[in-house]
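Subject: Structure handover

Hello,

The structure you asked about is below. My notes on it follow.

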Amino acid sequence: MRQPSSRARRVAAASVGLVLAAGAAACGPKDNDAKGSGGDSTPHKGGTLTVLNSNPQENFDPARLYTSGGGNVPSLVFRTLTTRNRENGAAGAKVVPDLATDTGRPNKDATVWTYTLKKGLKYEDGTPITSADIKYGIERSFAPELSGGAPYLRDWLVGAANYQGPYKDKKGLTAIETPDARTIVFHLDKPEGEFPYLATQTQFTPVPKAKDTGTKYAEHPISSGPYKVVKNENNGEHIVLERNTYWSTATDAERKAYPDKVDVKSGLDSSVINQRLSASQGSDATAVTTDTNLGPAELAKVTGDKELASRVGTGHFGYTNYIAFNPTVKPFNNIKVRQAISYAVDRSSVINAAGGSALAEAATTYLPNQKSFGYEPYDLFPAGETGNPAKAKELLKEAGYPNGLTVTLTHSNAKDFETSPEIATALQDALKKAGITVKLQGLEENDYSDTIHSVKTEPGFFLAHWGADWPSGGPFLAPIFDGRQIVKDGANFNTGLLNDKSVNAEIDAINKLTDLDAAAKRWGALDKKIGEQALTVPLFHPVYKRLVGKDIKNVVISDWTGVLDISQVAVK
Amino acid sequence: MSEALVAAEAAGTGTEPVPAASGARQFWRRLRTQRAALVAAVVVALLVLVAVAAPLLTAIEGQDPTTYHPSLIDSARGGVPIGSFGGISGDHWLGVEPQTGRDLFARLVYGARVSLGVALAATVIQVFLGVVVGVAAALGTGWVDQLLSRLTDIFVALPLMIMSLALLAIVPASFPRPVLVTLVIGFTAWGNISKVVRAQTLTLKGLDYVSAARLSGWGTWRIARRELLPGLAAPVITYAAILVPVNISVEAALSFLGVGVKPPTPSSGQMLTAADVWYQAAPQYLLLPAGALFITVLALTVLGDGVRIALDPRAASRLSAGTGRKREARKEGTA
């Protein structure tokens, strides 16, 4: 059973936030819309790809990055045991081998995972990549000075809970064995059928011990991927990548690596990025962004221009925006009140507030509407497009509120069109029709996050969102609905405070499955079962729209990241 | 602010206090001779009328500021209003808001209520505090004056925006927001007016008629009320007239930064925050609150300037009607 320390959970909280931001940012263009301007849409090698970003690639060290599926820019430099499938749409949500020959061979109960490395793998200096280097890379991610990654390894590996990294503890992790230079074996505390997904994260990148410079490694990490770092200024504000001549397509079926050079410029305002991409002048014609979406107003402008519209890519990332209830706070302890609100919401006005039908899709399930998550369509409290105030009033009457009621909705003051005042105001307007007067309580971003994730301060009725670390039901449902993950002191994500034995047992049972398709089906069924408790009101799943420069070719957007995959882009 | 300070002091430097009754009539006469101030006064009167009559005006239009109209926006294009000029029509006189379809005219006139109400109420607080502290400092004994003057210095030195942001962030959300913004502005920015009042009171204190009153055995309170306050009227009114537009700008800035009034209550500053990204796709959404704010602040500033000229004895001597020297006076007024 996973019982993470409060500290680890807090780190997780912060990192999930980061991943979500990166995911939201990382979401972008779709290939079938984007075409090269010259008519010849076949991608060719050569040229320089420019990346215009708002957030710098801080701490560019595989131990410290918190990524989904290995990240976008990081995945050009860091290869991992497994990686995400670099294909469009749902096919892109699959996990595929990267350094390893397969996605992992589990023992019978999925507590031991064995990987074999491909032959002929080399670093940028020509030295061979060994399984010991992967073990060392994982070990150094436990060092306190190299924090930042996801908490899973600490939670899952046998005896890793208090490990302090290879600098303090030379003995290393006994949970990882390297019987020979090409084999690596992981021993887990409990069954984890989704281990192959975890092995896509950059902590599974090989790091040669001899070249490890500790916290300075981020300045020049040794590349195992198609590009090496030749410049890293101001902690990732400006990174220049050039070809790693020792990398070969013979051992890497995923990365295309068409451009000769990648120039990553960060610290730009998001409106500047979109303006530069739409103008596409000079080197901006061969530019993309890996972290900036089109906002509603920008979309309105872009859709009015055919040429610009043809350069917009669309993607989906596993993410849900929802209303959360705390059933220990009155009147939300009454399931009829929660159901009434579920019936009363007007998803069309919420979607408009979130940026319109092009940037958000109505959600009636907690799980994202993608196959890899095990999505099973259900609508337990059908509100239609614009809400069902009559049914809501009826339920309120049964709940003992024949004259309606007054409640407070807590939201953040972030300008993110997710948990922001615009969404709260749209809900306020919709609930008014059902006789529910909503008062708004807007909190500053950090205050909001602390307030909703502490059992002591959690409000009864608030806006929330959740995104997965990988496209599966596990990291989506377990942190939110597993009763054993309620954290009394520290960051708590089980905001509905659900502790249902049958739910906990089903989570354990699914984690034992190594057939990911079978697991997905069970996650979908579990989602529906939990949905009956009306602890959340799913509102919408975001859709990501991103511009690319006019000479960009081969735009691939998977459902794993929802954004353009930089390893597939060509500029010639 | 320092400009305002100089202006107010200039209005107060006349050693002759403006006698209450006949002074008012004289003031109106002097104000009337300035065309710009008159136009500004008319504009201000209209704005106040619009703000007061907001429910009536929106009832005539048949709209209200909070109802969503999803059918009037193009959801597939980010929620941009359907139709030209932001969806202007007989039903929606100034079009609708992107993403919600709420009526912009209704939001604008209700927003004017908040802006003007907060600014005027804050000015009243500022004037009250400034006069009380200023007069008390001038009339008080050495240490009282020292204490109050240093206190005033502290409030003058406080950066208004940062103070307001801090205060608005710590007060519980349940406190009514417009009242809170009023109190924060009112209780933070009264230092300058207090300094002007203290200086003017010190001047008045030395005048013969005040000495005469004291010699005839009047108490401090009675002297302050009967002899000093009338003499303070000119600089205080001048300063207040200049403070109103400043307060409107501060309220707009606070709402723009997200700590002012809360949604769905409209205010110009809040509309500007929401609109800043829409300047290309729906320009009227940005231009309407910006224009309304611009006209309000300009009109109030010009009116404040006119009030200053009308109350300035030096300007007034050149201003008197019928001398044909209006133009010069106006030139000086705008300098």
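Of the 335 residues in chain B, 49% are buried, where buried means 20 or more other C-beta atoms within 10 Å of the residue's own, exposed means 12 or fewer, and partly exposed lies in between, with C-beta atoms placed from the backbone. This is a predicted model, in which local features need pLDDT of at least 70 and side-chain atom pairs count only at pLDDT 80 or more, while totals for chains, interfaces and linings use all residues. Residues are numbered from 1 along each chain as its sequence is written, and chains are lettered from A and ligands numbered from 1 in the order in which they are written.

Chain B has 15 helices and two strands (DSSP runs numbered from the N terminus: H or I of at least four residues for helices, E of at least two for strands). Of its contacts with a separation of 6 or more, 72% are between residues 24 or more positions apart; a contact is two C-beta atoms, placed from the backbone, within 7 Å.

Helix α3 (residues 35-52) and helix α13 (residues 283-311) of chain B pack with their axes 8 Å apart and at an angle of about 135° (axes are lines fitted to C-alpha atoms, for helices over the stretch in contact, and angles run from 0 to 180 degrees between N-to-C directions). That makes α3(B) oblique to α13(B), since angles under 35 degrees count as roughly parallel, over 145 as roughly antiparallel, 65 to 115 as roughly perpendicular and the rest as oblique. Residues in this contact include B:A40 and B:V44 of α3(B) and B:A299 and B:L303 of α13(B). By class, the contact has 12 nonpolar, two polar and one charged residues (Ala, Val, Leu, Ile, Met, Phe, Trp, Tyr, Cys and Pro are nonpolar, Asp, Glu, Lys and Arg charged, and the others, Gly among them, polar).

Between the chains, 22 residues of chain B are in contact with 28 residues of chain A. The chain B side has 12 nonpolar, eight polar and two charged residues.

In chain A, eight of the eight residues of helix α14 (residues 474-481) are buried, so α14(A) is largely enclosed by the rest of the structure. Among them are A:F476, A:L477 and A:I480. The cover over these buried residues includes β17 (461-467), α15 (501-511) and α16 (516-531) of chain A.

Also in chain A, A:V350 is in contact with A:V345, A:I423, A:A426, A:L427, A:L539 and A:F540, leaving aside its neighbours within four places in sequence.

Regards
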